[in-house]
Amino acid sequence: MGILKAIAVGLIVVFLLLATLFLRREWFARRGGTVEIYMRLGMMVEGRGWAPGFARFAGDELRWYRMFSFSPRPRRILRRRDLSLVGRRTPSSAEQVLVPAEWVVVRLLRPTRAVQPDPLPDDKLVEIAMSPTVVTGFLSWYESAPPGPSHLT
């Protein structure tokens, strides 16, 4: 009987963890402005390093949250003024294992600053994958910077 109780408790814990992930995602979705975006966290191996997630546009920031995380805080924050659009491409065949083939990979560059220590090369280049309709919204957000020194050159 002890083994059955342990299995039941284990199943309840797994169910509660999955329910927590689902409720976290729903909480963010109900707040509005969330879109599904995959971010490439590691660029050491070609076609690898993609993590599913969702993002919220908050003023001049794009806050990216991992899909399978319990944290209420964003994993990455991309500030519009710190980004330069390098280009876009379709996912490679190796990337299509996780990233849908019809999605678009947007390549962004975060310039280094003299006052901060030079980040690792992975931190300079940012790749995010999103559906074509989300790309339209992302580019609209990116290009709608308020008046002042522009990041578009």
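## A first look at the fold

A nonpolar surface patch of about 450 Å² is formed by I3, L4, I7 and L11. Patches like this are made of residues with over 30% relative accessible area and no salt bridge, where nonpolar side chains (Val, Leu, Ile, Met, Phe, Trp, Tyr) are joined within 5 Å and like charges within 9 Å. A salt bridge here is a side-chain nitrogen of Lys or Arg within 4 Å of a carboxyl oxygen of Asp or Glu. Accessible areas come from the Shrake-Rupley method with a 1.4 Å probe, and for residues only the protein chains shown count as cover.

Before going on, a word about the model. It is predicted, so local features need pLDDT of at least 70 and side-chain atom pairs count only at pLDDT 80 or more, while totals for chains, interfaces and linings use all residues. Residues are numbered from 1 along each chain as its sequence is written, and side-chain values use heavy atoms, with hydrogens and water left out.

### The chain as a whole

The protein chain has 3 helices and 7 strands, which are DSSP runs numbered from the N terminus (helices: H or I, at least four residues; strands: E, at least two). Along the sequence they follow the pattern α-β-β-β-β-β-β-α-β-α.

Of the 153 residues of the protein chain, 32% count as buried. Buried means under 20% relative accessible area, exposed means over 50%, and partly exposed is in between (1.4 Å probe, protein chains only). The accessible surface comes to about 9700 Å², with 62% of it belonging to carbon and sulfur atoms. Among contacts (heavy atoms within 4.5 Å) between residues at least 6 apart in sequence, 49% join residues at least 24 apart.

The 7 strands make an open sheet in the order 4-3-2-1-7-6-5, with antiparallel pairing. Its edge strands are strand 4 (76–79) and strand 5 (84–89), each of which pairs on one side only. Two strands pair if DSSP finds at least two bridges between them.

Strand 7 (residues 125–130) is joined to strand 1 (residues 34–40) by 2 bridges, and these strands run antiparallel. Y38 has A129 as its bridge partner in strand 7, and M39 stands opposite I128. Strand 6 (residues 104–109) pairs with strand 7 over 6 bridges, also in the antiparallel sense, and V104 stands opposite M130.

How many residues of strand 7 are buried? The count is 6 of its 6 residues. L125, E127 and A129 point one way from the strand, and V126, I128 and M130 point the other way.

| Residue | Relative accessibility | Class |
|---|---|---|
| I7 | 47% | partly exposed |
| L108 | 0% | buried |
| G49 | 31% | partly exposed |

L108 is found in strand 6.

G49 lies in the loop between strand 1 and strand 2 (50–58). With residues up to four places away in sequence not counted, G49 touches M39, R40, L41 and G42. The C-alpha atoms of G49 and E95, 46 residues apart along the chain, are separated by 9.1 Å.
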